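Good morning, colleagues. Please turn to the structure on the screen, and I shall then discuss two parts of it.

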Amino acid sequence: MWPATLLGMRVLLCPDKFAGTLSAPEVAASVAEGWRSVAPGDELLVKPLADGGPGFVAVLAGALGGRRIPVPTVDPLGRPAAGEILLTDDGVGYVESAQACGLHLLSATERDPKATTSYGLGLLVTAAVEVGARTVVIGLGGSATNDGGAGMLVPLGVTGLDAAGRALPYGGAALAGVAALDGVPRLRGAALVAATDVDNPLLGLHGASNVFGPQKGADRADVLLLDAALERWADVLAELPDCPPGLGALPGGGAAGGLGAAVLALGGRCESGIGLVTRAVGLDAALDAADLVVTGEGSFDHQSLRCKVVAGVAGSARDRGVPCVVLAGRVSTGRREAAAAGVTEAYSLVEHFGGEERGGVAAAMERPAEGLRALGARLAGQWSR
């Protein structure tokens, strides 16, 4: 926590990752380096954050301790991938869907939510149960899948069947032919929690397929097919004894291509990923003592203000009357909308490197640490007293 004696400003650095370039700790370290080059007398408290997506386990490991257990898994196309479980002393196992289902694991030409599977996440959850976790918290976000968790359920003992009683192929498109479930969940009494970065439902205009399908490689025809397939899948998931009514419309069900709905169908619950992480790292106490908060993420856009790191941090800072600055690779949120959410100022790496017309996008991707150091120094010059 903050030192007892402070010489200058108390600056809280609590960014998310910059997807595809820097982890949250790397972002924070770069900004801190730039700030200290201008205002070495200020007190900087670094608390990297995550909302359930990539970096979820690493951030929690830094805050909670515990054992990080390597687990071999597979990516959305079934290729070998490296995963891990964080097992804490209180019997909670934390896993990260992005380690097995992440969009970053695929090239642009490989993205096809009709075919990608969440099977690898099922391997991680199963491993967490096997090592004795009484509660398994699954960070959801950044996924390449749209299979409603059908792949995840297979290692847990539940397989979707077609009308002829055959096991379904993997991928979201195959769910259009699902007719029944075979098997029972093997969770050994473990409770499931989905730490979600969105509150979208599984189905409809604001559902998994319509909102997130296009960024995973779906065209308009694919979106319609996938939404209809998930509707059929939701009807079949109702066979599970702990599935709540109205599964397709429940908040968080659309997280990570419908993985949220699968967790709910197993009797689990959804929880705000950023809320869970901020409690773990002790963010509220740090905010109470801060003079300035600096947060950020790769793209500060309209989705940032829905259950994401920036939304959680900015709202909490606003409630305390503390200014909040956002640093991002790209900024596309309007000033009025950002201000209403508690954002005082927002700066982008793209603009720092000259804008889109002068190669700013490429420079932001190639030299993000350099840009963040420069922005950190700029903020110190503007804000340090």
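Is Thr295 buried or exposed? A word on provenance before the answer: this is a predicted model. In that model Thr295 has a relative accessible area of 2%. The cut-off for buried is under 20%, so Thr295 counts as buried.

Let us consider the surroundings of that residue. Thr295 belongs to strand β11, which covers residues 292-300. Its side chain reaches the backbone oxygen of Cys14 at a distance of 2.9 Å. Leaving aside neighbours within four places in sequence, the contacts of Thr295 include Cys14 and Pro15.

I turn now to a sheet. Six strands form an open sheet with mixed pairing, in the order β3-β4-β5-β6-β9-β10. At its edges are β3 (67-74) and β10 (269-272), each of which pairs on one side only. On average, neighbouring strands of this sheet are turned by 30° against each other, direction ignored.

Another is α9, residues 273-281, which touches β5, β6, β9 and β10. Here the direction of α9 makes about 60° with that of β10.

Thank you for your attention.

Conventions:
Residues are numbered from 1 along each chain as its sequence is written. This is a predicted model: local features need pLDDT of at least 70, side-chain atom pairs count only at pLDDT 80 or more; totals for chains, interfaces and linings use all residues. Side-chain values use heavy atoms; hydrogens and water are left out. Two strands pair if DSSP finds at least two bridges between them. Helices (H or I, at least four residues) and strands (E, at least two) are DSSP runs, numbered from the N terminus. Axes are lines fitted to C-alpha atoms, for helices over the stretch in contact, and angles run from 0 to 180 degrees between N-to-C directions. Contact means heavy atoms within 4.5 Å. Buried means under 20% relative accessible area, exposed over 50%, partly exposed in between (1.4 Å probe, protein chains only). A polar contact is a pair of N or O atoms within 3.5 Å; within protein, one must be able to donate a hydrogen and the other to accept it, and residues adjacent in sequence count only if both atoms are side-chain atoms.
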